[in-house]
Amino acid sequence: IDTGSTDSTLEILESFKQEKPGEIHKSEWVNFETNRNELLEKTLDKGKYTLLMDADMILKKTNPNFSKQDLIKHLEENYKNPCFYLKQVNEILDWWNNRIINRSKNVWIYSVVTHESLALLKSEFDPKDWTETKINDLWISDIGDGGSKTKKLERDIRLLTENIPKETNSYKLFHMLFYLGQSYINLSFSEPSDYTEDDRNGFKSMALRIYSNAISLSNSFSVDEEELWCCNWFLAQAMHAVGYSLRQVQNQYLASFNSRPYRIEPMYEIMFLAFKNNDFHSAYHFGKMCLEPFEEKEKKPTLTLLKPKKDNLFIRRDFHEVLFWFYFGHVCESLGKLNLAFSCALQLKKAKEISKLYQLRQSEIENWIKEVSNKLLEKMKKDAAKEQELQKSESELNNNSNNNSLKSQYSKYIPHDLFI
């Protein structure tokens with residue numbers, strides 16, 4: 001369905017029809033809820049399954065050998081599932097999204113005018129019979145280049161502001177408030193030419209009030225738990241943006257982390273704030289809380305970040321792949337924990353081929369990796385030389401009867417309990 005494109009979208013689609021059968025419909029733009037439900041209606045009898053894609057998305061293979069026949073086989077083997085999730089990826093986030101829906105014995109509907117959610121109204125299959133719904137062999141590259149980001153945010157704010165007063169469902173109301181707050185906070189970081197500094201500060205203050213109101217709503221009504229968690233995390237970001245004290249911001253981040261202690265994002269942000277304030281001991285403490293337990297004194301400790309379990313929303317891939325390792329590595333280096341800093345460097349190297357952020361900051365990252373490697377090598381040389389000196393001292397001690405003079409000469413190397 002084309003809702004008013006002004007470029008060559010229609011011509012390109014028409015050219016595809018020569019190779020692949022399909023229908024192109026034109027429709028007046030109303031909002032995402034209305035237009036997407038129109039799409040569901042027009043595709044109801046077009047096949048058993050519907051793949052939902054936007055114009056700025058590309059379907060890609062994780063497994064290059066995965067074929068259309070493999071996909072059909074997977075769908076049919078799990079035919080009692082009402083839907084299937086594909087991982088959606090942009091520059092900094094990835095999340096599992098409902099992108100293939102089973103139309104044969106299920107009724108679907110979109111709700112909410114923007115940041116719309118797809119809801120299953122009715123299914124003939126018992127949820128107990130549903131199986132694994134994630135398809136790991138495919139993923140969606142979400143380019144997000146469908147026009148001006150500022151105009152999209154302004155449109156979302158207008159749609160949400162117009163429709164929030166009309167909403168009577170508390171679950172949907174919280175969803176709308178959450179994304180309204182997100183739209184305002186994102187608008188505060190728009191292009192410098194779009195708004196004044198006073199405008200930006202106003203957007204941050206508005207986001208703060210909206211997040212606070214949404215959290216208050218959750219005290220009285222049932223809401224999506226993961227959206228509530230994100231709301232608490234983003235509230236801390238807004239508090240920092242408008243100038244709350246470091247202690248207040250930290251407490252809000254901690255509250256968010258404690259309610260979902262397997263999500264590293266709030267703890268990473270506290271670690272980063274401490275790092276920027278040169279409070280390396282606090283930064284180290286907060287950074288450790290992002291990791292599985294490890295032995296600090298091992299020469300080559302294995303560091304593993306906590307996994308986000310079954311969460312889908314706002315998983316910051318840039319934190320997991322690059323930023324945590326880079327800044328926690330700097331913290332460890334500053335505290336002389338070179339073995340841990342080097343372990344962080346090894347984790348960073350894994351991101352070289354997969355992270356766009358790594359590629360953007362490649363020179364900075366690789367200079368630091370080289371610096372840490374050289375420092376660790378120098379430390380290992382000194383430790384080896386000291387070990388050799390210690391062994392020499394012990395040998396001389398065993399061969400010399402004058403222990404008292406040796407004790408004075410080598411006491412700084414040899415433990416006192418070696419002397420008779």
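Start by selecting Tyr268, Phe272, Phe275, Phe280, Phe319, Phe326, Tyr327 and Trp368: ring pairs link them into a cluster. Here, rings of Phe, Tyr and Trp (its six-membered ring) pair if their centres lie within 6.5 Å; planes under 30 degrees apart count as stacked, over 60 as edge-to-face and the rest as tilted. By this rule the count comes to 23 aromatic pairs.

A word on the ground rules: this is a predicted model, where local features need pLDDT of at least 70 and side-chain atom pairs count only at pLDDT 80 or more, while totals for chains, interfaces and linings use all residues. Residues are numbered from 1 along each chain as its sequence is written, and side-chain values use heavy atoms, with hydrogens and water left out.

Next, pick Tyr79 and Phe125, an edge-to-face pair at 5.8 Å centre to centre, with 80 degrees between the planes. Tyr79 sits in the loop between helix H3 (68-77) and strand E3 (83-89), and Phe125 in the loop between strand E6 (117-123) and strand E7 (134-142), so the pair ties together parts 46 residues apart in sequence. (Helices, H or I of at least four residues, and strands, E of at least two, are DSSP runs numbered from the N terminus.) Is Phe125 buried or exposed? Buried, at 14% relative accessibility, whereas Tyr79 is partly exposed at 36%. Buried means under 20% relative accessible area, exposed over 50%, partly exposed in between (1.4 Å probe, protein chains only).

Now zoom to Phe326 and Trp368: centres 5.9 Å apart and planes at 75 degrees, so this pair is edge-to-face. Phe326 belongs to helix H11 (residues 317-334) and Trp368 to helix H14 (residues 362-399), 42 residues apart. Both Phe326 and Trp368 are buried.
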